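Could you have a look at this one with me? I've jotted down some notes for a first read.

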Amino acid sequence: MTKNIIFLLAFLITSLTINAQNTVIKAGHFFDARNGKMLENQIIVIQDGKIKEIGTNPKFSDTDSIIDLSNSWVLPGLMDCHVHITANLPYRNLQMEQMYASESTSLRAIRGSVVAKQFLDNGFTTIKEIGNDANYATADVIKAIKNGWIQGPTIIYAGKIIAPYGGQSSGINPEHELFWNFEYIDADTPDEIKKAVRKNLYNGATVIKMVTGDNGIYNAEDIKAAVDEAKKYNIKVTVHAGGGLAATNVISGGAAGIEHGFQLNNEQLQLMKDKGIFLVGTDFSYDNWYAYGMDSVTATALNNMLVDRLKRAYKIGTPMAFGTDIIVDLPELNRVQSSLKVLETWKAAEIPASYILQTMTIKAAELLGIDKERGILESSYYADIIAVKNNPLNDIESIRTVHFVMKEGEIIRNDNK
Ligand SMILES: [Zn+2]
């Protein structure tokens with residue numbers, strides 16, 4: 001009896017293996033993210049969510065499921081390294097505290113699940129959720145995606161933002177300090193910082209986010225305390241900093257990235273290059289600044305400042321990863337469409353489209369520590385694959401025309417049928 005069952009099982013496994021159907025994508029144009037070049041007529045064979053083989057002539061069977069993207073530009077899934085999926089503020093009314101006080105963690109998680117799906121549907125198969133998510137709302141969004149209840153991108157998750165006393169609030173009566181502790185962890189010494197890192201890890205963080213320069217400046221030793229603690233768990237630290245001493249201390253402390261860095265000078269950008277520290281520039285366009293409530297003169301000046309900083313960073317060779325930081329949607333546009341407005345700044349800085357695409361794929365994956373599994377489309381990498389209708393090397397705005405999305409081998413969207 002037992003022998004028969006074993007025989008039957010062996011037969012079933014063998015026949016499953018023989019008949020295993022692969023998915024095959026015929027890509028008319030294909031972005032080779034490693035080399036920043038467009039290749040022609042590539043065939044991608046996908047098995048069990050990963051790329052089995054890719055090239056002009058890989059073997060596949062007649063029984064495989066064929067997806068014809070011969071008239072499309074096929075790219076690795078995009079990555080946004082600075083998002084806040086659970087946050088949303090009204091147009092031209094930047095009242096963070098109003099949102100903290102009026103919205104529950106569960107409401108924030110529900111919004112997060114909707115925005116996460118928007119990112120995925122619009123071609124972003126990986127995002128870095130960088131905090132301001134109430135009481136760990138995103139941790140539950142991630143669980144819901146893992147459970148298969150909802151579809152969403154891979155989420156690299158920061159948990160609560162670690163900051164000097166006061167978080168990023170100002171003008172709040174300290175009698176209400178618990179109020180900002182819903183979004184931030186107050187940590188003012190290396191020991192407090194280490195404890196805050198551990199608290200985030202306990203809640204599912206896969207990256208650590210700190211803020212410096214808003215309500216106090218961290219010393220290099222403070223940054224290093226977080227870096228050392230996170231390193232034990234193979235996790236990176238990234239820090240919100242504008243420039244000046246705050247940014248200098250972040251660079252000396254050995255963080256993996258600087259978020260924003262709007263006022264970084266050339267010397268700091270050079271130091272970042274030398275030490276391999278990434279800039280996630282969150283380069284708001286004029287429209288984004290205006291949406292955040294700036295008047296038109298200020299919005300123009302701030303955008304010009306970012307164009308100049310992007311130009312200098314590119315020229316110096318500072319490693320860069322694409323990040324948007326948009327929590328105010330523009331009229332008639334969803335979160336991703338509003339976020340992609342930052343491309344206007346990259347274009348104004350005359351950064352080549354192939355480089356911009358690399359900051360959204362291979363370079364982002366490097367910063368996020370997932371470059372051995374995502375960010376390029378090569379054998380053994382996850383099949384996170386998208387397609388657009390026009391050549392993004394001619395105009396980077398073409399990535400707005402996503403019409404096919406595959407996440408780990410599963411078709412999320414295919415308008416091409
Ligand atoms: Zn942000």
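1. Some ground rules. This is a predicted model, where local features need pLDDT of at least 70, side-chain atom pairs count only at pLDDT 80 or more, and totals for chains, interfaces and linings use all residues. Residues are numbered from 1 along each chain as its sequence is written, and side-chain values use heavy atoms, with hydrogens and water left out.

2. Start with the open sheet: three strands in the order E5-E6-E7, with parallel pairing. Strands here are DSSP runs of E, at least two residues, and helices are runs of H or I, at least four, numbered from the N terminus; two strands pair if DSSP finds at least two bridges between them. E5 (78-83) and E7 (154-157) are the edge strands, each pairing on one side only. From one strand to the next, the twist averages 15 degrees.

3. Look at E6 next. Strand E6 (residues 124-129) is joined to E7 by four bridges, and Lys128 has Ile156 in E7 as its bridge partner.

4. Two helices go with this sheet. H3 (residues 105-121) packs on the sheet and touches E5 and E6, its direction making about 140 degrees with that of E6. Contact means heavy atoms within 4.5 Å; axes are lines fitted to C-alpha atoms, for helices over the stretch in contact, and angles run from 0 to 180 degrees between N-to-C directions. H4 (residues 137-146) lies across E6 and E7, at about 150 degrees to E7.

5. Now the hairpin. E2 (residues 37-47) and E3 (residues 50-55) run antiparallel, joined by five bridges. Ile44 is partnered with Ile54 in E3. Two residues sit between the strands, and Asp48 in the turn has a positive phi of about 50 degrees.

6. How much space lies in the largest pocket? About 1100 Å³. A pocket is an open set of points on a 1 Å grid over the protein atoms alone, where a 1.4 Å probe fits, with protein on both sides within 12 Å along at least five of seven lines; lining residues have an atom within 4 Å of a point. Of its 42 lining residues, the closest to the centre are Lys146, Thr154, Ile155, Ile156 and Thr206. H4 gives the most to this lining, with five residues.

7. The second largest pocket has a volume of about 590 Å³. Among its 25 lining residues, Leu94, Met96, Gln168, His240 and Asp325 are the closest to its centre. Helix H2 (residues 96-102) gives the most to that lining, with three residues.

Notes. Points joined across faces, edges and corners; volume = space filled by probe spheres on them.
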